[in-house]
Amino acid sequence: RQRTRPQLLRAENTMLNTSTKTPTGGFSFENTRRNAVLEANLSEKGYSAPNARKTGTTIAGLIFKDGVILGADTRATDDMVVADKNCMKIHYIAPKIYCCGAGVAADAEVTTQMMSSNVELHSLSTGRPPLVAMVTRQLKQMLFRYQGHIGSSLIVGGVDVNGPQLYSVYPHGSYDKLPFLTMGSGAASAVSVFEDRYKPNMELEEAKQLVRDAITAGIFCDLGSGSNVDLCVITEKTVDYLRGYDQPVQKGLREGTYRYKPGTTAVLTKTVTPLTLDVVDESVQVMDTE
Amino acid sequence: MDPVEFLSKLEKTTIMAVEFDGGVVMGADSRTTTGAYIANRVTDKLTPIHERIFCCRSGSAADTQAIADAVTYQLGFHSIELDEAPLVQTAASLFRDMCYRYREELMAGIIVAGWDPRRGGQVYTVPVGGMMTRQPVSVGGSGSSYIYGYVDSNYRPAMSKEECLKFTAEALTLAMERDGSSGGVVRLAVISEQGVERQVILGNQLPKFSTV
């Protein structure tokens, strides 16, 4: 793995003089001044520095009679270009706990993976199945420690000994516990569907339809969300990960073709120039296939 | 202001606590905003710190939740060491120590209230900056500016529990009417020797004032 120059210099420093540098955790902001100078130089020429890719998402969750349903769209955007048409935004944390991620794609992905590993270790250490509240607590303590620089907004949902629970966690480290939640750029569109039709203790099919409708509202009304609807139904007994549950947007059919028959363009003149090539050097390299 | 901070969730809010003989009444609105979007319209800003000590949170949601968790742990540990119920003043001091030490990084306005056997019902306010002072009645949050006049003119010492509840509910309703950052439902809690009683007053049940 390539180490950047500032990291190498720091390693040398700690070996040579042991007193001055105290080890600091968290992010290193040493490159911010260099980046500012580079960005100024680039913008003079008309270019801009690349942005961290945000998922531009609609994610939602609700609690129904038997458990929790999480839903998400599947579009990942890079500014105004769709980077991934079918990405997975519902991540596994524990057998009965899943997490939808919005915000910066890399942050959401890595944060959920770290949580999954911590939860497994904690569960082995305590000898008990994990609690959704425990996952939420670890998430928010980590995100608060990084003061919002880790840009992941998450909806954590699952079923544990205390029943079905749903939490939202924001990048700065605050959390809310609610019966229905939406997050991401399409949150406003999705929450309006929930506010209209949510009732406590809904049946499974009605609840799945409601989450599907909420995500679809985000897909149609928000530019950052699109493609398919993924659902994850978690109950005390089963987990149903329904990838591609609905595909509200079909790719359009091309109406005409732009191919021309051979001979459409008339040939006026034809000139043939042979290229004479001489062999200068010939060498044989044996490939090591063992 | 740093643009990242602006989009963090804020509980620019209205919170209030009143002492009466035998306990305290605490109240808060229920709105949490991210910019102009209401992220949670039924927030519970009255957070338990110990069995008979609660705090009202205003300011940054992340900061106040993290501080409240840390103080809950510290106070719980202290109470086990002492083998008796902690004092409300102790809880307020713990809040003050954290809010003052990290005053540059935090945005938190907290009202600590509760009942202990030694001094009865007490209200301590720890505003932004980390000062701590005891007051018989305290209001906080962005909506508090609109009700200082109402509180100053209507508060009388030695009110009963029911009078305090009515006073708090009316003050919070007036603030919620005028402050865009406050709204939702009114959450009330009464803490006394008997324990904690919690109430919710929904939007259509709020006291009505004449509108001109």
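Buried area is the accessible area, taken with a 1.4 Å probe, that two parts lose on being put together, summed over both. By this definition, the area buried between chain A and chain B is about 1300 Å². Carbon and sulfur atoms give 50% of that area. The model is predicted: local features need pLDDT of at least 70, side-chain atom pairs count only at pLDDT 80 or more, and totals for chains, interfaces and linings use all residues. Side-chain values use heavy atoms, with hydrogens and water left out, and residues are numbered from 1 along each chain as its sequence is written.

The contact (heavy atoms within 4.5 Å) takes 17 residues from chain A and 17 residues from chain B. Between the two chains, 3 salt bridges are counted. A salt bridge here is a side-chain nitrogen of Lys or Arg within 4 Å of a carboxyl oxygen of Asp or Glu. The side chains of B:D69 and A:K140 form a salt bridge, at 2.1 Å from N to O. On the chain A side, the elements giving two or more residues are α4 (132-145), β9 (175-177), β10 (180-183) and α5 (187-197). Helices (H or I, at least four residues) and strands (E, at least two) are DSSP runs, numbered from the N terminus. α5(A) gives the most, with 4 residues. By class, this side of chain A has 8 nonpolar, 5 polar and 4 charged residues. Ala, Val, Leu, Ile, Met, Phe, Trp, Tyr, Cys and Pro count as nonpolar, Asp, Glu, Lys and Arg as charged, and the others, Gly among them, as polar.

In chain B, 5 strands form an open antiparallel sheet in the order β11-β2-β3-β12-β13. Two strands pair if DSSP finds at least two bridges between them. β11 (137-140) and β13 (195-201) of chain B each have a single partner strand, so one side of each is left without a neighbour in the sheet. Neighbouring strands are turned by 10 degrees against each other on average, direction ignored. Axes are lines fitted to C-alpha atoms, for helices over the stretch in contact, and angles run from 0 to 180 degrees between N-to-C directions.

Strand β3 (residues 23-28) of chain B is joined to β12 (residues 186-192) of chain B by 6 bridges. B:G27 has B:L188 as its bridge partner in β12(B). β12(B) also pairs with β13(B), antiparallel, over 7 bridges. There, B:V186 is partnered by B:I201. A hairpin of 2 residues links β12(B) to β13(B). Helix α5 (residues 161-178) of chain B lies across β2 (15-20), β3, β11, β12 and β13 of chain B. This helix runs at about 165 degrees to β2(B).

How values were computed: Chains are lettered from A and ligands numbered from 1 in the order in which they are written.
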